[in-house]
Structures are given as C-alpha cells and as structure tokens.
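Hi,

Here is the structure I said I would pass on. Have a look at it first, and my notes follow below.

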Amino acid sequence: MSDAIETMLERALSAALAGDQALREALDELPAAIYVTDVDGVITYFNPACIDFTGRRPEVGADRWCVTWRLYTNAGEFLPHAECPMAVAINTQRPIRGVTAVAERPDGTRVVFRPYPTPIFDKDGKCAGAVNLLEDVTDEARAEDFQAQARRCRRLANAVADDFAADALSRMAEEYETKAAELLGHKRFANSGADGNGIRQAPAQDPDIDGPDTVGRGPRF
C-alpha cells in the first residue's frame with residue numbers, strides 16, 4: 001500500500017467515525033473512489049469520484065456491498081457483490097488486502113482495481129460498518145500481460161533453431177517489454193507526486209484473500 005493511499009484511508013476512517021458532515025467535507029473532494037457502508041453492507045455514503053470510477057451514480061440506502069455496476073474475477077468469472085472483498089471484510093470483521101478484481105461500467109468498459117475494505121468499530125469495539133477505497137490498477141495489469149508475452153517470446157526464441165525466427169521473436173519480446181516499462185514508468189512518475197491529499201491512479205487465482213499486496217503475486221478475486 002502506498003503512503004498516499006494509506007493516508008487517505010486513515011482520513012476516511014477518521015471521517016466515518018466523526019459523523020456525516022465531517023465525512024462529506026473530508027472525502028468529497030478526494031480523487032480516489034471512497035465509499036462507506038453500514039454493518040449490513042448497505043451504502044451510506046460515496047464521494048463524487050465513485051461516479052467517475054464506476055460510470056454510474058450509486059444509490060445510498062439501496063446498493064449493498066459495492067458501488068460498482070458489475071464485478072468479475074481476474075479470470076473473467078462473474079463475482080456477486082455479496083462475495084466481493086467488501087462483503088468479506090464486513091462478514092469477517094477484518095480488513096482485506098492484496099486482492100484485485102475487475103469492475104464493469106454500464107457502458108461496457110472495464111477497470112482492474114485494488115480495493116481496501118476496512119471495517120469501522122465504534123468506541124465499544126462493535127463493528128459499525130466499513131470504508132472502502134478503490135485504486136485503479138489497470139495499467140499494472142496491462143504491464144503484467146505485456147511482460148508475460150515477452151517471456152513467452154524469449155522462451156520460443158531460445159527453443160527454435162531458425163536464426164531469423166529467433167531474431168523476430170526477440171524483437172517482439174523487446175517491444176512487449178518496452179510497452180510494459182512505459183506503463184509502469186508512468187505509474188512510478190505519477191505516484192512520486194502523490195501526498196496525503198490525493199492519489200495518482202496508476203493491477204491481478206488464489207482464494208486466500210489475506211496475501212501480500214503485490215501485483216502479480218498477491219491473491220486475486
């Protein structure tokens with residue numbers, strides 16, 4: 001988790017405990033998609049960034065578990081909202097880290113994201129709901145795909161006997177690696193300017209949802 005995301009998440013948790021007015025004032029202007037639910041998973045607040053992120057206006061008091069329109073696993077399987085990371089966080093009363101999923105907007109576009117669902121506890125230690133921050137990691141996912149293609153090309157280049165074919169495969173691998181570096185380089189540049197007041201958006205077969213927060217290694221929905 002980056003320092004910028006950690007700071008914003010802490011800010012969101014503090015605001016959620018402080019009350020509705022403080023919540024809106026603290027979170028409405030943040031560029032990261034953040035929403036809050038009650039202990040039953042019903043949406044009680046979402047900031048304007050959620051609308052841009054999901055391509056829809058969530059319904060407070062009606063939507064449950066997630067503000068997205070539809071969810072899918074990284075393998076492309078439909079993921080019911082009742083089984084999403086936010087639902088798991090509330091039902092187990094523990095934060096979920098190191099997972100990614102795919103959100104589909106009503107217009108059909110999709111975004112790979114990393115959620116940070118975190119339960120909220122009142123002064124008596126009772127779970128009162130949860131806060132979630134959605135980080136767009138689509139560029140990371142695309143970079144990972146390019147890197148995988150590059151590795152395949154290099155394996156084939158080492159396996160073929162024809163020098164011309166091997167050279168062509170090596171050039172293809174270099175092109176894929178360049179594309180991956182451009183995506184990851186953009187993310188590193190963007191994140192270098194992030195601070196506690198903002199987030200730069202930069203993504204994702206394992207059912208264990210408490211693994212490390214590492215793209216390509218951590219568990220994914």
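In α4, the buried residues are P85, M86, A87, V88, A89 and I90. Please keep in mind as you read that this is a predicted model. Helix α4 spans residues 85-92 and is mostly covered, with six of its eight residues buried. Its buried residues pack against four strands: β1, β5 (110-115), β6 (118-121) and β7 (127-136).

Q93 sits in the loop that runs between α4 and β4 (101-104). Is Q93 buried, partly exposed or exposed? With a relative accessible area of 45%, Q93 is partly exposed.

W65 is not a glycine either, yet its phi is positive, at about 80 degrees. You will find W65 in the loop between α3 (49-54) and β3 (70-72). The relative accessibility of W65 is 8%, so this residue counts as buried, the cut-off being under 20%.

Now to α2, which covers residues 20-27 and has L23, A26 and L27 as its buried residues. These three lie on the same side of α2, because the arc they cover around the axis is only 80 degrees. What do the buried residues of α2 pack against? Their partners are α1 (3-18), β1 (33-37) and β2 (43-46).

The pairing of α1 with α2 can be described in more detail. Their axes come within 6 Å and cross at roughly 155 degrees. Because of that angle, α1 is roughly antiparallel to α2, the cut-off for this being over 145 degrees. The crossing of α1 past α2 is right-handed. On the α1 side the contact is made by R11, A12, A15, A16 and A18, and on the α2 side by A22, L23, A26 and L27. Which kinds of residue make up this contact of α1 with α2? Eight are nonpolar, none is polar and one is charged.

If you open the model, I would start with L23, A26 and L27, the buried residues of α2, and then go on to W65 in its loop between α3 and β3.

Best wishes

Notes:
Residues numbered from 1 in each chain as written. Predicted model: local features only at pLDDT ≥ 70, side-chain atom pairs only at ≥ 80, totals over all residues. Heavy atoms only, no water. Buried < 20%, exposed > 50% of the residue type's maximum accessible area, 1.4 Å probe, protein only. Helix = DSSP H or I, 4+ residues; strand = E, 2+ residues; numbered from the N terminus. Arc of directions from axis to C-beta. Contact = heavy atoms within 4.5 Å. Axes fitted to C-alpha atoms, helices over the stretch in contact; angles between N-to-C directions. Parallel < 35°, antiparallel > 145°, perpendicular 65-115°, else oblique. Left-handed = near helix turned anticlockwise from the far one by under 90°. Nonpolar A, V, L, I, M, F, W, Y, C, P; charged D, E, K, R; others polar.
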